[in-house]
Amino acid sequence: MMVQLGAKVWVVPGGHIPFGGTGPEPDFTSFDQLCVLNTTDSAAETTLLFYYQDTEPVGPYRIVVDARRIRHVRVNDLIDPEAVRLDRPYGCVLRSPVPVVVQFLRQDSRLPGVVALTGTMAHPVA
């Protein structure tokens, strides 16, 4: 029996997918990424809602993380109900029916010969 870790609601307030990159795709494409860990015995059928400075929230985006698995999702790849906007600040809220753990990563490859990678934990709410 696995220990259930995490929370059911996570917030990423500082999203911003850098536009552009130098080098071959997809390795040198700038991106934001969510890493979701599900240690429970049930699939996590998560939803994401994206908030912007000048428009109503967009979503839900649906991401399934199978039981006892991890899933990495590039925010750039989320296109339904619409593509997540590039080079615009956003915040997002992830909701899950089971507790999960969420990490946020960003790769910025806009400068020639430089790939900056940063990561942080999303903020758990409940």
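Select Tyr61 to begin: this residue is buried, with a relative accessible area of 1%, where buried means under 20% relative accessible area, exposed over 50% and partly exposed in between, computed with a 1.4 Å probe on protein chains only. The model is a predicted one, in which local features need pLDDT of at least 70 and side-chain atom pairs count only at pLDDT 80 or more, while totals for chains, interfaces and linings use all residues. Residues are numbered from 1 along each chain as its sequence is written, and side-chain values use heavy atoms, with hydrogens and water left out.

**The aromatic cluster**

A pair of aromatic rings is described by the distance of the centres and the angle of the planes. Rings of Phe, Tyr and Trp (its six-membered ring) pair if their centres lie within 6.5 Å, and planes under 30 degrees apart count as stacked, over 60 as edge-to-face and the rest as tilted. By this rule the count comes to two aromatic pairs. In one of them the ring centres of Phe50 and Tyr61 are 5.2 Å apart and the planes stand at 80°, so this pair is edge-to-face. Phe50 belongs to strand S3 (residues 44-52) and Tyr61 to strand S4 (residues 58-65), so the pair ties together parts that are 11 residues apart in sequence; helices (H or I, at least four residues) and strands (E, at least two) are DSSP runs, numbered from the N terminus.

Now select Tyr90, which is buried, as is Phe50. Phe50 and Tyr90 form a tilted aromatic pair, 5.2 Å centre to centre and with 55° between the planes. Since Phe50 lies in strand S3 and Tyr90 in strand S6 (residues 90-108), the pair ties together parts that are 40 residues apart in sequence. Phe50, Tyr61 and Tyr90 form one aromatic cluster.

**The salt bridges**

Side chains of opposite charge can pair when their charged atoms come close. A salt bridge is a side-chain nitrogen of Lys or Arg within 4 Å of a carboxyl oxygen of Asp or Glu, and by this rule the count comes to four salt bridges. Select Arg106 and Asp32, whose side chains meet in one of them at 2.8 Å, N to O. This pair links distant parts of the chain, with Arg106 in strand S6 and Asp32 in strand S2 (residues 31-38), 74 residues apart. Arg106 is buried at a relative accessible area of 18%, and Asp32 is buried at 0%.

Asp54 lies in the loop between S3 and S4 and Arg88 in the loop between strand S5 (69-74) and S6, so the pair ties together parts that are 34 residues apart in sequence. Asp54 is exposed, with a relative accessible area of 58%, whereas Arg88 is partly exposed, at 25%.

Then select Glu82 and Arg85, whose side chains meet in a salt bridge of 2.7 Å, N to O; Glu82 is partly exposed, with a relative accessible area of 28%.

**The last stop**

Finish with Gln33, which is found in strand S2 and counts as buried at 10% relative accessibility. Leaving aside neighbours within four places in sequence, Gln33 is in contact (heavy atoms within 4.5 Å) with residues including His72, Val73 and Phe104.
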